[in-house]
Structure formats: structure tokens, C-alpha cells
Amino acid sequence: MRLQAVDVKLGYGDRTIVDGLDLGIEAGTVTTIIGPNGCGKSTLLRALGRLLRPQGGEVLLDGKRIDRIPTREVAKILGVLPQAPTAPEGLTVADLVARGRHPHQTWYRQWSSDDEAAVGEALAMTGLADLAERPLDELSGGQRQRAWISMALAQGTDLLLLDEPTTFLDLAHQVEVLELVRHLHREASRTIVMVLHDLNLAARYADRLVAMRDGRVVAAGDPHEVLTEELMREVFELDAKIIADPVAGTPLVIPIGTHR
Amino acid sequence: MTTFPLRVAGLSWQVRLRGVAVTLGGLVLLGLLMALNMRIGDIRMSVAEVLGGTFDVNSANHFVIMELRLPRALTGALVGAALALSGAIIQSIARNPLASPEILGVTTGASVTVVAGVVASGSAYGGVSGLLSTLGIPALALLGGLGGAAIVYALAWRRGLDGYRLVLVGIGVAAVFTNVKYWLLTIGDVNDTGRAMVWISGSLNGRGWEHVVPVALALAVLVPLTLLGTRSLDALRFGDDTVTALGVRMNPARALMILAAVLLAAVATASAGPIAFVALAAPQIALRLTRSGQPPLLSSAMVGAVLTAVADLIARTVFSPIELPVGVVTAVLGAPYLIHLIWKARK
């Protein structure tokens, strides 16, 4: 178990969003968390990435309590891409990606050849090498998202948490980002946990789906087992038909609603 | 931006050519400005005489230069550097080019305690008694500056520190302090308030080694510490979640850098009064000169020192033989600059 939430209670101030939740992430898997808006999926991801301190229970990274490990050491093992991250104005792609090296640097070792190599590799992997000197604000949404993922890659962690990496992207760019995720998983055997809104893409790109509602895990497992018509009603309150994706064979959700 | 990696054994740095050029160029310019400034006074000297007075112990000018003019010029340069460094840190943390030690309550807090001290000790014709005589103006200013910052910090803290909230709380507290200051001025004796007015506009008149030493010590300790914190400061410009994701302990890093900024501004203010706009303008000028993403710390300090030296030179020559407080000049120069910044931010 790489990452584990044990009986966690999560919330902001007096508002509790998740209570008594258990979840384990196994090495070398792509886990995708799905669920309706406000179900606590981003909150859970933030807690797994130690961006949010649990009000109860604990999060374990490789068996150790994550809040007992120095945050800098955590940053060498686990990379987090927050939802809608913000960068300072005027930053170039290369500058942004270079920030990913922060946990590996000290005041006397600020730009080693390892840093340079890792940044170059991260840029190449996301296909951004040609755009390295461009300011971030000039990029398209898909390119910008790839730049952020590139920064997380430069961090050189084998565990990656991505909070809605495809929001605000058109379908082509969504597929592009998820193909990159799959590539990272297959070629570089990284363990990935992400939150996604699109159920069909989630089913296609995940080894394991975790469906949440009202701060609870309703179902977890292989997408074929999790994404059922009963689950759609229970979790999303949506009548839907599930058919096999004609391309990949993974479950495809067809909402019933009204139609012509 | 032209940078090149400097790697020796296992050590490595990134050297920004523009940053190095601005810092070195600033140092030369500063030396020149100080030499020019030290020519002026009851006895006018040539630059050669100034240099002779500085380095030749037997020179007739040695006393005037070493005991009067050099400490005054040094106070100006060091105070300018400290204020600018403080401003550069605060602007980075607040992620706002309009932020400065004023919004942290340092300068306004110091003004309140100094005016209160001068008014309360209340003896006319320059005599000093009570609180003021025991503490002295610099100590009062230091207390007020640190106290003001503590109030702003406490009010702005809510499960962590948010740059935007800090700016808003700071502006509110500064407004309260400023009005308390004016109220104190209205109830004070006219001679006392006159003395207080010179101090609160920021002046280098009559500054000696006792004003140089505290600022020099503060800079000697805090410049290396803040330079060590540069990388954290750089990370702190990102959104809060990204800061943590990069492995920076956000709240301690932020608190330490703010503490350094507050100490720098408080010590500078204790020495020369609240010199306006240097902390605001110098980091932004340095940022444009070096074309970097955030106010560069060393270059900002250098620009601050040069800016204060220029302002002091103007203050002493424009209405010669009347010497203006340096803060009046920086305010006159700074106000249009502030308007320019706000105008640009609107677009």
C-alpha cells in the first residue's frame, strides 16, 4: 500500500465533509475518484497529498504517518497538482517546470545538472520543449495544464495526485492529458490518483474507480464492477444505461433523461 | 533573462547577469552619490577634499567628514537598503506590488509611539524628560514599529496567513494609527509637535554613528538570512496548495520572512523616521531593471540605498541653504510613481 487513508475525518473549520473514510492506493495503479459535486472527492485528494490536515484519523505514506514526515521529504516521494493552480504573472514554462525541483535543492545546490536534466526530461515527456521560453499566460488551456503536469513530473516522484487535471479543457485536450497520464503509468510505472468529472474517460483510463457520495466511498474496484446502472442511481441520482465502449470495451454511461 | 549555471564541485547556483550588473552598478553609483553629498555643509569641499578627509587621519576635514557627514550619508544609504529589502520581501509574500512596510503597521506604529513620547514628555524648548528621556526616540520607534506589526499580524491571522487579507487589515490598522498620530499632534505643545513633525516626515539631519550601527547590524544579520530564504520566497508566490506540494512549510516560511521584513523596517524607521515610498518603489524599480519575476532582494536593497542617497542630495541642494527632511523628497518623488502603479494595475 503506497498511500492509505485510515478512518479520516476531513473538513474546513466546523464543516465536516468526510467522516470515517478508509481508502488504500496500491503501487503501480491508476486510481480515479468519481462522484457528484460536493461529495468530498477533492477534499479527500487534498488530504492524501497532505494539503489538508485531517481532523481525525490518519493518512499513511508508505506506512508512515504523512504529517510526521518532513514536508520536503514528502515532496520527493509524492507530487500533487492542485485544482486550478495559480502561477505568478509572466512566468515562462521553463521557469514553472524548474520550480518542481524545489524539494531537491538547497541554498548551496540551486541548479545542479540533475535539475537541468529532470526539467529537460519533463518538458520532453509533455511535448513542451519547443514552448519552454514562452510565458505561461500565452499558452492554450491544454498546453498550460501540460506545463503544470510537467512541473509535477520534474519533481521526480513516483506517486502523483492530480485534482481534476482535465477541467476547462475541450475533449481533444482532455484525451491528450489522460494519454499522458497513461504513458506515465505504463512507461514510467508511476502510481497515480486523480479526480475526474467525466465518467466515461474515468472508466477508460483508470485501473480502479472509487465512487463517492456525501463523504463516503460507495464502491471501489474495477471500472466494470463499479460503474453499474444501480451505482449511477445511488451515487448520481441519474437513470442511465451502461453499455460497452465500442472502442475500448470499458463501461460507457448513457444518461436516459428525455430525448427526441 | 540571461542566467548561467555556476557549478563548483557539488555546489551549484544560477547567476542572473542583470542582477549582478544592477547590484555592482548600484554600488559604484552609491559611492559617487555619497561623495557628492558629503561635499555639502557649512564648509563646502571638493570631492578630493572629501576623500582626503575620509582616509587621511591628519586632514583638517577629518573630524567633519568622519563624525558628521559620513555617518549621516551612511545612515541614509543603510536605511534605504533596509527599507527596500523589507519592501521586496513584503511585496513577494503579499503577491502585490502595492504592499510595503506601511501596510504591516511598522512605520505608522512607530509614528504613534514617537509622537506620543514627544507629546507626553511635554517639555517645551527642546528639553527632554519622562518616558522620552529614558528610552530615547529610536527605542520608542522600535517598540512602536514591532508593536504595530504584531497587531496587524494578529488581526490578519486566521488559520494561516493570506496575503490579500494581510494587505486589507494592514491598510485598516494604518488608517487608525495615522489618525491617532494626528490626534496626538493636536493636543501636544506646539514646540513638541514641531520636533515630532520633523521626525515623522523622515529626516537624516544630525544622524551620527549611533544611528548607523543598529541598521548596519540588522542588515549584517538579516541580509544573509533573507538571501537563504530567497527560494522559499520564490515558492511562496504560488497558490497555497502548490507551495505545500513543493515541500515548503508555508506558515513558518511566511512568518520568518515577515519577521525579517518587520525587523528591517522597524530598525530603519528607528534610525531615520518613516521615510516614505522607498520600500514601495525600490523593489519595483529593481524588478524592472533586472527583468526578473519577483523583486530581487539584493538589487532591491541596492536601489533603495541609491534612491535614498539621491533624495537626500536633492533635499540638501534644492532650497539650499535650507535643508528639507529627506522623507519630503521621497514622498514628492514617490507619489507620482504610486499613481503610475495604480494606473497600470487598473488596466
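Author: Start with one residue pair. Ala244(A) has Pro251(A) as its bridge partner, and Pro251(A) sits in β12(A). Keep in mind that this is a predicted model.

The two strands are β11(A), residues 240–244, and β12(A), residues 251–255. They pair in the antiparallel sense, over 5 bridges. In general, strands of a sheet pair through backbone hydrogen bonds, either parallel or antiparallel. Between the strands of this hairpin lie 6 residues. Gly249(A) takes a positive phi there, near 85°.

Is β11(A) enclosed or in the open? The strand has 5 residues, and the number buried is 0, so β11(A) lies largely in the open.

Glu237(A) counts as exposed because it has 9 C-beta neighbours inside 10 Å.

Ala84(A) lies in the loop between β6 and α3 of chain A. Its C-beta neighbours inside 10 Å number 11, so Ala84(A) counts as exposed.

Now follow chain A into helix α3(A), residues 93–99, which holds Ala98(A). Ala98(A) counts as buried because it has 23 C-beta neighbours inside 10 Å; the cut-off is 20 or more. Leu123(A) is 25 residues away from Ala98(A) along the chain. Their C-alpha atoms are separated by 9.9 Å.

Next, the sheets of chain A. One is an open sheet of 6 strands with mixed pairing. Its order is β6-β7-β8-β3-β9-β10. The edge strands are β6(A), residues 78–81, and β10(A), residues 216–221; each pairs on one side only. On average, neighbouring strands of this sheet are turned by 15° against each other, direction ignored. Inside the order, β3(A), residues 30–34, and β9(A), residues 208–213, run parallel and are joined by 4 bridges. Ile33(A) has Val210(A) of β9(A) as its bridge partner.

Another open sheet has 4 strands, in the order β2-β1-β4-β5 of chain A, and the pairing is antiparallel. Its edge strands are β2(A), residues 15–25, and β5(A), residues 64–65, each pairing on one side only. Strand β1(A), residues 3–12, meets β2(A) over 7 bridges in the antiparallel sense. Gln4(A) has Gly24(A) of β2(A) as its bridge partner.

The buried residues include Lys41(A) and Arg46(A), along with Leu44(A), Leu45(A) and Leu48(A). Just after α1(A), Arg50(A) takes a positive phi of about 50°.

Chain A also touches chain B. In the contact, 21 residues of chain B meet 27 residues of chain A. On the chain B side, the elements giving two or more residues are β2 (11–16), α9 (230–235) and α10 (240–245) of chain B. By class, that side has 8 nonpolar, 9 polar and 4 charged residues.

What is chain B built from? It has 14 helices and 2 strands. Its radius of gyration is 21 Å, which agrees with a compact globule, because 347 residues would give a value near 20 Å. The C-alpha atoms of chain B fill a box of roughly 60 × 50 × 40 Å along the principal axes. Of its 347 residues, 49% count as buried. Take the contacts in chain B between residues at least 6 apart in sequence: 74% join residues at least 24 apart.

The last stop is the largest nonpolar core, with 176 residues. Ala82(B) and Leu264(B) touch the most other members. Helix α3(B), residues 62–94, gives the most to this core, with 17 residues. Leaving aside neighbours within four places in sequence, Ala82(B) is in contact with Val215(B), Ala218(B), Leu219(B), Leu264(B), Val267(B) and Ala268(B).

Conventions: Residues are numbered from 1 along each chain as its sequence is written. Chains are lettered from A and ligands numbered from 1 in the order in which they are written. This is a predicted model: local features need pLDDT of at least 70, side-chain atom pairs count only at pLDDT 80 or more; totals for chains, interfaces and linings use all residues. The radius of gyration is taken over C-alpha atoms; the globule rule is 2.2 Å times the number of residues to the power 0.38. A residue is buried if 20 or more other C-beta atoms lie within 10 Å of its own, exposed if 12 or fewer, and partly exposed in between; C-beta atoms are placed from the backbone. Two residues are in contact if their C-beta atoms, placed from the backbone, lie within 7 Å. A nonpolar core is a set of buried Ala, Val, Leu, Ile, Met, Phe, Trp, Tyr and Cys residues joined through C-beta atoms within 7 Å. Ala, Val, Leu, Ile, Met, Phe, Trp, Tyr, Cys and Pro count as nonpolar, Asp, Glu, Lys and Arg as charged, and the others, Gly among them, as polar. Two strands pair if DSSP finds at least two bridges between them. Axes are lines fitted to C-alpha atoms, for helices over the stretch in contact, and angles run from 0 to 180 degrees between N-to-C directions.
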